[in-house]
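Q: Please take a close look at one part of this model and what surrounds it. Keep it brisk.

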Amino acid sequence: MNLKELAQQLGLSPTTVSRALNGYPEVNETTRERVMAAAKRHHYRPNTRAIRLATGRAYAIGHVIPLATRHEIMNPIFADFIAGAGETYSKNGYDMVLSVVADESEEQTYRDLHSRGTVDGMILHAPQMDDARIPLLVGIDTPFVVHGRATGAALPYSWVDVNNRRAFQRATEFLLDLGHRRIALVNGLENMDFAIRRRTGFTDAMAARAVAVDPALMSSDEMTEVSGYRAGRAMLDVAEPPTAFLAASMISGMGVRRACEERGLVLGRDVSIIIHDDDLSYMKNGEDVPIFTATRSSVREAGRLAAEMLLDIIANPGSAPQQRLLEAELIIGQSTGPAPAKG
């Protein structure tokens, strides 16, 4: 059934039916509900190309990934975010445009997507301090939502983020309560806003208990298994090695675990590890009992929320920026225990 036939069934004009299906405010709610019910009953699917021509919308959302961070596409954290956002897009008739570009072409890609009308809005990933992409997108008047926050950004913008500072503060306090004083931080790259906030949470918790932070027990690198392994191995080689590690992801935490097990250390007895982001679709933290103690936040849910926020901004141009701060939950697993007694 096409639009004209559906309109004839309802005794309405094709224009009214089209506007009802596409959420135009001038169509009253009774008519809209009647049209939607008939469309469902007759299995009517609108012609996407016709809708785009009629509304001037692309019904697509852009995600731009520079080559310098192309590994993010293989990262299960990124994949979960995209899966969550994709569910929202699909439910609302939107497509996703994923552009992997050279670093020097990133700014022009945002401009091109906007000027060509390829997308109706964009999700900005991996924000940094004073992120230049925020004033760029504000300047070209493109609806966007940031996954995370950008410390130092002067312009108001919409974002969805987890409370990284509080998550790592709470995890550090938990380790301190267990008697640990030699606590290592295996962090992400600290030009990234989330890593800066996690470091702040860690150092704030240590300072509050008057426990000195040893620079030799702090690292900043890509959140890979290999980087976690290298950091763990180096820290275990210092004169007074850590009794506990706080890792920025499950993946880097797995590397730390490998370094510990090479030394014959037993997790939860000889050394403790806390990770972040263990609620992943294809990388589970054990089954009934978690392997790692973790600060848990659902990246998939963050993707859904960011997409819903962006679609709302697109539907309501001129609305004020929106923000959503999610709290992480501390999940107790098998990887933590009291600080071992000094021999």
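A: Start with helix 9. Its buried residues are Asp193, Ala195, Arg197, Arg198, Gly201, Phe202, Ala205 and Met206. This is a predicted model, and every value here is computed from it. Helix 9 covers residues 193–208. At 1.5 Å a residue, its 16 residues should span 22 Å. The end C-alpha atoms lie 23 Å apart, which agrees.

Strands of a sheet pair through backbone hydrogen bonds, either parallel or antiparallel.

Now strand 6, residues 183–187. Its pairing with strand 7 is parallel, over three bridges. In that pairing, valine 186 stands opposite serine 219 of strand 7. Strand 6 also runs parallel to strand 8, and four bridges join them. There, isoleucine 183 stands opposite alanine 244 of strand 8.

Is strand 6 buried or exposed? Five of its five residues are buried, so strand 6 is largely enclosed by the rest of the structure. Buried here means under 20% relative accessible area. Both faces of strand 6 are covered. Ile183, Leu185 and Asn187 are buried on one side. Ala184 and Val186 are buried on the other.

Threonine 293 is buried, with a relative accessible area of 0%. Its side chain makes a polar contact of 2.7 Å with the side chain of threonine 336. Which residues does threonine 293 touch, leaving aside those up to four places away in sequence? They are Phe174, Ile273, Ile274, Ile275, Leu330, Ile331, Ile332, Gly333, Ser335 and Thr336.

For another helix, turn to helix 3, residues 29–41. Its 13 residues should span 18 Å at 1.5 Å a residue, and the end C-alpha atoms are 18 Å apart, which agrees. Thr31, Arg32, Val35, Ala38 and Ala39 are buried in helix 3. Seen down the helix axis, the buried residues fall within an arc of 135°, so they line one face of helix 3. An α-helix has 3.6 residues a turn, so residues three or four places apart point the same way.

The face of helix 3 turned away from the buried side carries the exposed residues Thr30, Glu33, Lys40 and Arg41. On the buried side, the cover includes helix 1 (3–10) and helix 2 (14–21). The ends of helix 3 have features too. At its start, a side-chain oxygen of asparagine 28 reaches to within 3.1 Å of the backbone nitrogen of threonine 30. Just after helix 3, histidine 43 takes a positive phi of about 55°.

Finally, the whole chain. The protein chain has twelve helices and 14 strands. Its C-alpha trace spans about 85 × 45 × 30 Å along the principal axes. Of its 343 residues, 46% count as buried. Among contacts with a separation of 6 or more, 67% come from residues 24 or more positions apart.

Terms used
Residues numbered from 1 in each chain as written. Predicted model: local features only at pLDDT ≥ 70, side-chain atom pairs only at ≥ 80, totals over all residues. Heavy atoms only, no water. Helix = DSSP H or I, 4+ residues; strand = E, 2+ residues; numbered from the N terminus. Expected span 1.5 Å × (residues − 1). Buried < 20%, exposed > 50% of the residue type's maximum accessible area, 1.4 Å probe, protein only. Arc of directions from axis to C-beta. Contact = heavy atoms within 4.5 Å. Polar contact = N/O pair within 3.5 Å; in protein donor to acceptor, adjacent residues only side chain to side chain. Pairing = 2+ DSSP bridges.
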